[in-house]
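Please brief me on this protein model, from the overall fold down to single residues. Keep it short and grouped by topic.

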Amino acid sequence: MDASKAAPESKSFAYSGSSLKLTTHEVATELVAADRKDIKVTRWFDHAAGSERLTWTLKGDTLDIDAGCSGIAFCDAKFKVEVPRGLAVIRDGPGERRSSTP
């Protein structure tokens, strides 16, 4: 499986906070500071077997994204998250901090 060959799906979230918690569940995720007012998530997901597990939700100040398979499974996933410039981002909990500010 190769997520880079899958057709992308996108979803945008209105957001007015000054910081964001990003939970990626160890799925490959590119974080990009962009000239935008909302948060845009693009997902590439390719699978051939197994039960899909697809999540992209924003609750409060936490963006939760996940994509994978369970059971006897063959799948690959990646995400791109575009956030407004200057938005502070805490990625995958307190152990790893990254800021979207260039």
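Predicted model: local features only at pLDDT ≥ 70, side-chain atom pairs only at ≥ 80, totals over all residues.

Residues are numbered from 1 along each chain as its sequence is written, and side-chain values use heavy atoms, with hydrogens and water left out. The protein chain has seven strands and zero helices.

**Fold and surface**

- Along the sequence, the pattern of the protein chain reads β-β-β-β-β-β-β.
- Strands (E, at least two residues) and helices (H or I, at least four) are DSSP runs, numbered from the N terminus.
- The protein chain has 102 residues, and 33% of them are buried.
- Buried means under 20% relative accessible area, exposed means over 50%, and partly exposed lies in between (1.4 Å probe, protein chains only).
- Among contacts in the protein chain with a separation of 6 or more, 73% join residues 24 or more positions apart.
- A contact means heavy atoms within 4.5 Å.
- The protein chain has an accessible surface of about 5,800 Å², and carbon and sulfur atoms hold 48% of that.
- Accessible areas come from the Shrake-Rupley method with a 1.4 Å probe; for residues, only the protein chains shown count as cover.

**Nonpolar core**

- The largest nonpolar core has 19 residues, and Ile39, Val41, Leu63, Ile65 and Val81 touch the most other members.
- Two or more residues of this core come from each of β2 (19–23), β4 (39–59) and β5 (62–84).
- β5 gives the largest share of this core, with eight residues.
- Such a core is a set of buried Ala, Val, Leu, Ile, Met, Phe, Trp, Tyr and Cys residues joined through side-chain atoms within 4.5 Å.
- In soluble globular proteins, nonpolar side chains tend to be buried together.
- Leaving aside neighbours within four places in sequence, Ile65 contacts Leu22, Thr23, Thr24, His25, Thr29, Val41, Thr55, Trp56, Phe79 and Val81.

**Rings and charges**

- The count of aromatic pairs is zero.
- For that count, rings of Phe, Tyr and Trp (its six-membered ring) pair if their centres lie within 6.5 Å; planes under 30 degrees apart count as stacked, over 60 as edge-to-face and the rest as tilted.
- Arg43 has its charged end over the ring of Trp56, 3.8 Å from the ring's centre.
- Lys78 has its charged end over the ring of Trp44, 5.0 Å from the ring's centre.
- A charge sits over a ring if NZ of Lys or CZ of Arg is within 6 Å of the ring centre and within 35 degrees of the ring normal.

**The loop between β2 and β3**

- His25 is found in the loop between β2 and β3 (28–34).
- His25 has a positive phi, near 55°, and is partly exposed at 42% relative accessible area.
- Glu26 lies in the loop between β2 and β3.
- Glu26 has a positive phi, near 65°, and counts as exposed at 79% relative accessibility.
- Most residues other than glycine have a negative phi.
- Val27 is also in the loop between β2 and β3, but counts as buried at 11% relative accessibility.
- Not counting residues up to four places away in sequence, Val27 touches Asp66, Ala67, Ala77, Lys78 and Phe79.
- Val27 and Asp66 are 39 residues apart in sequence, yet their C-alpha atoms are 6.6 Å apart.

- Thr29 is in strand β3 and counts as buried at 12% relative accessibility.
- The Thr29 side chain reaches the backbone oxygen of Val27 at 2.8 Å.
- Setting aside neighbours within four places in sequence, Thr29 contacts Leu22, Thr24, Ile65, Phe79, Val81 and Arg91.
- Thr29 and Thr42 are 13 residues apart in sequence and 9.7 Å apart in space, C-alpha to C-alpha.
- Gly71 is in strand β5 and is exposed, at 69% relative accessible area.
- Gly71 and Glu52 are 19 residues apart along the chain, with 9.5 Å between their C-alpha atoms.

Technical notes:
Polar contact = N/O pair within 3.5 Å; in protein donor to acceptor, adjacent residues only side chain to side chain.
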